[in-house]
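Subject: Structure handover

Hello,

Here is the structure I promised to pass on. Please open it first, then read my notes below.

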Amino acid sequence: MQQRSFFHLVVILLLMSAILSACNRVRKVAQPNMAHADSVIFNVGVMKDYERMRALSDSFELTKDISSLDANRWRGVSYYRQGQYRLAEIYYRRAIADDIHSQQDLVSYIKVARRLSELLLVKGDFEGALRIAIPAIAKMDDKQVGSDIDYAILLNNIGCCQLNLGRDEEANKSFLTARGHYENRWKTDSTSRGFQEAVIGTVYTSMAYINMRRYAEAVYWIDRTEMLLNKYRQCPDARSEYFDEYQGRIEIMRAVAMQGLDKPKEAQKAYQAFQRTNYSKTGPGRINANDYLVAAKRYEEAADNYRYLDQTLSKWSMEPSLDNIQLYMLPKFRANEMAGRRDSARVIAMRIFELLDTAIINQKNSATAELATIYDTQGKEAEIAQQQANLNKQRLISTGVAMVLIIVFFIVYTLHRRAATHRLAVAHNKLEEAHQKLKVAYDQLEETTAAKERIESELRIARNIQQSIVPNVFPKYKGLDIYAYMMPAKEVGGDLYDYLLDDNHIYVCLGDVSGKGVPASLFMAQAARLFRAMAKQHMMPADIATRLNDELCEGNENGMFVTMFLALINLETGSMDFCNAGHNPPVLGDKFMEIETNAPIGLWPGLEFVGEHVDNIKGKSLFLYSDGLNEAENKEQVQFGDDHLLQILDTMHFDNARQLIEYMREAVEKHRNGASPNDDLTMMELKFDKTDE
């Protein structure tokens, strides 16, 4: 008996020694294999064979030549280069969630953090980007790993997010720290690459400040960018076409910033410098130039440049999408409209409607394909896991067959085989059942999250489109002061306002569509478009209301309607013709106007709306508003009220219309005291000075 036990012990020790020896051999070759695997995947990516990139990632992960983190990084890279950013984000997030087991994993983690934070920044998820980038910086500081370019790009992403979140001082600190790392990069690099990377980084910083209309700070960073570009030009391997392109970009940014600082001469000088570059003659250069031309109200030149838009989008291989319609087609429409090219604007509008239909279909198809890819990928992952388990099993069998035979023999003759087998089967079935439930729950959660993110993205785009429908630039006319503000209660809303300046007359309107959300926003867009079209025909307000009613009643199966105040004001005599269609009475001076009450627009066809007349409103304040103002509620459901509104207008002094609107907006927020808005809020203030005859 003792001899048999001794024999068993010897066999077990020999087998353990063999296993440990095999493990040591695996450790010795793992690191070289990992570097080789990364190099192979990278070279396949250079050839743009992205399907093979993913296949190699699967294969190398199975053989443990690369880690799970590195495999997910390469999958994310492949989808990113294909423009499938949602799938890229999914795999980058998986890489971030993976454990870090080696120095190579840490380097891959930093690269993933750079790319993922950039994706989230572009998507507008600024807080999400910060949750990725800030821990990556902390890991780099803790482990003393990462290059200056890694630090610079992550800090630049952090700064852009902080700037968009209103954390200006933190953003400035992040940008300056990033600049220090760019400087370290170019000082240690004998080629032009360091300066090139620094130029791109400071261009992003400049654009971030321009997008936030922080033009003075933008000028500071534009100057830094130009200094870096001049240093780049002095490098022996500098490319003239790269210098020319970024010189053009710098001059356009400077022109936009100077125009924003109300320095039109300096802006024009910068634009002339841009025109001297070869980049200004290219399609992308012409489109880029429109940032300045629109800001300077040089709409005809902007409209001419947009003739190159289709050619440029084709060169960029851009398919119709909601983002592209918002970024390119809507500005093209507005430029032609403001340039007075009505026929061209009408053609572009029809093109936008066609592209919207195509974009929505493409988005649905993309979502379906994306979901199918996720399911397919999950299947592949399960297959890889199964293959990995089989491979591990074969290795164990090949190195421990003797020990397995002995253990099996010992179990067969010493344990109650049937009872043990039964308990093992029951436990396995329960574990398998729990695994399946967990997998189903995970799949459902991932599908729900993806759908929610797509809906939120579409609503953000819809809100931007709606905001572009109402004017945000107000007319300049001697003695005239006008300003308006609109804030939907939800992502999109049903309030509207508009104006049209026609020689010495101005049309104004402010309306409130029944309901909220997407249906109200679509009805609002139609009402705003019809108002502007009829105002351009020099119709009286009552006639516009009558025509609007006939148009909006047609096919209005849901019974939607809009209350609206419309007015036509003679800026020479001060006379005002107006029509109130079921809307809140405006405040003229310090009291509500006594007005004829017409029905809301869109309820009953065939109505004739009644107009009214005021001889002279010069020197008086005309304040229009929607019921989101006087009916704004706090947490106790107490309304803001008409008396509170009149008290502010009667007792407070305001230097200009914008100051009044901003004060009223803050008063409503103070009254709500943290309560969510119960309705859309829209206000317009109009006043023009009394002048001598």
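Among contacts in the protein chain between residues at least 6 apart in sequence, what percentage join residues at least 24 apart? The figure is 66%. Bear in mind that this is a predicted model.

Overall picture

The protein chain has 693 residues, and 44% of them count as buried. Its secondary structure comes to 23 helices and ten strands. The accessible surface is about 37,600 Å². Carbon and sulfur atoms account for 53% of that surface.

As background, strands of a sheet pair through backbone hydrogen bonds, either parallel or antiparallel.

Look at β9 (residues 622-625) in detail. Four bridges join β9 to β10 (residues 681-688), and the two run antiparallel. Two bridges join β9 to β6 (residues 587-588), again antiparallel. L622 takes part in both pairings: L588 is bridged to L622, and L622 stands opposite L686 in β10.

Which way do the β9 side chains point? L622 and L624 point one way, while F623 and Y625 point the other way. All four are buried.

Strand β4

N570 belongs to strand β4, which covers residues 562-570. Its relative accessibility is 15%, so N570 counts as buried, the cut-off being 20%. Beyond its neighbours within four places in sequence, N570 is in contact with N504, H505, S575 and F688. F688 falls within the β10 range of 681-688.

Aromatic pairs and charges over rings

A search of the whole structure finds 15 aromatic pairs. F565 and F578 form one that is stacked, at 5.6 Å centre to centre with 25 degrees between the planes. F565 lies in β4 and F578 in β5 (residues 576-581), so this pair ties together parts that are 13 residues apart in sequence. Both F565 and F578 are buried.

Y80 and Y85 also form an aromatic pair. Is it stacked or edge-to-face? It is edge-to-face: the centres are 5.3 Å apart and the planes are at 65 degrees. Y85 has 44% relative accessibility, so Y85 counts as partly exposed.

There is also an aromatic cluster made up of F175, Y209, Y220 and W221. R224 lies over the face of one of its members, Y220, at 4.7 Å from the ring centre. Elsewhere, the charged end of R286 sits over the ring of Y308. The distance there is 4.2 Å from the ring centre.

Two buried sites among the helices

Take V199 first. This residue is found in helix α9 (residues 193-211). V199 has a relative accessible area of 0%, so V199 is buried. What does V199 touch, not counting residues up to four places away in sequence? The list is T225, L228, L229, Y242 and Y246. E226 is 27 residues from V199 along the chain, and their C-alpha atoms are separated by 8.1 Å.

Now Y279. Its place is in the loop between α12 (264-275) and α13 (283-295). Leaving aside its neighbours within four places in sequence, Y279 is in contact with D244, E245, G248, R249, F274, P284, G285 and N288. With N288 there is a polar contact of 3.5 Å between the side chains. F243 is 36 residues from Y279 in sequence and 9.7 Å away in space, C-alpha to C-alpha.

Where to start

Begin at L622, with L588 as its bridge partner and L686 opposite. Then go to the stacked pair of F565 and F578. Finish at Y279 and its side-chain polar contact with N288.

Best wishes

Terms used: Residues numbered from 1 in each chain as written. Predicted model: local features only at pLDDT ≥ 70, side-chain atom pairs only at ≥ 80, totals over all residues. Heavy atoms only, no water. Buried < 20%, exposed > 50% of the residue type's maximum accessible area, 1.4 Å probe, protein only. Contact = heavy atoms within 4.5 Å. Pairing = 2+ DSSP bridges. Phe/Tyr/Trp six-rings, centres within 6.5 Å; stacked < 30°, edge-to-face > 60°. Lys NZ or Arg CZ within 6 Å of the ring centre and 35° of its normal. Polar contact = N/O pair within 3.5 Å; in protein donor to acceptor, adjacent residues only side chain to side chain. Areas by Shrake-Rupley, 256 points an atom, 1.4 Å probe, with all protein chains shown as cover.
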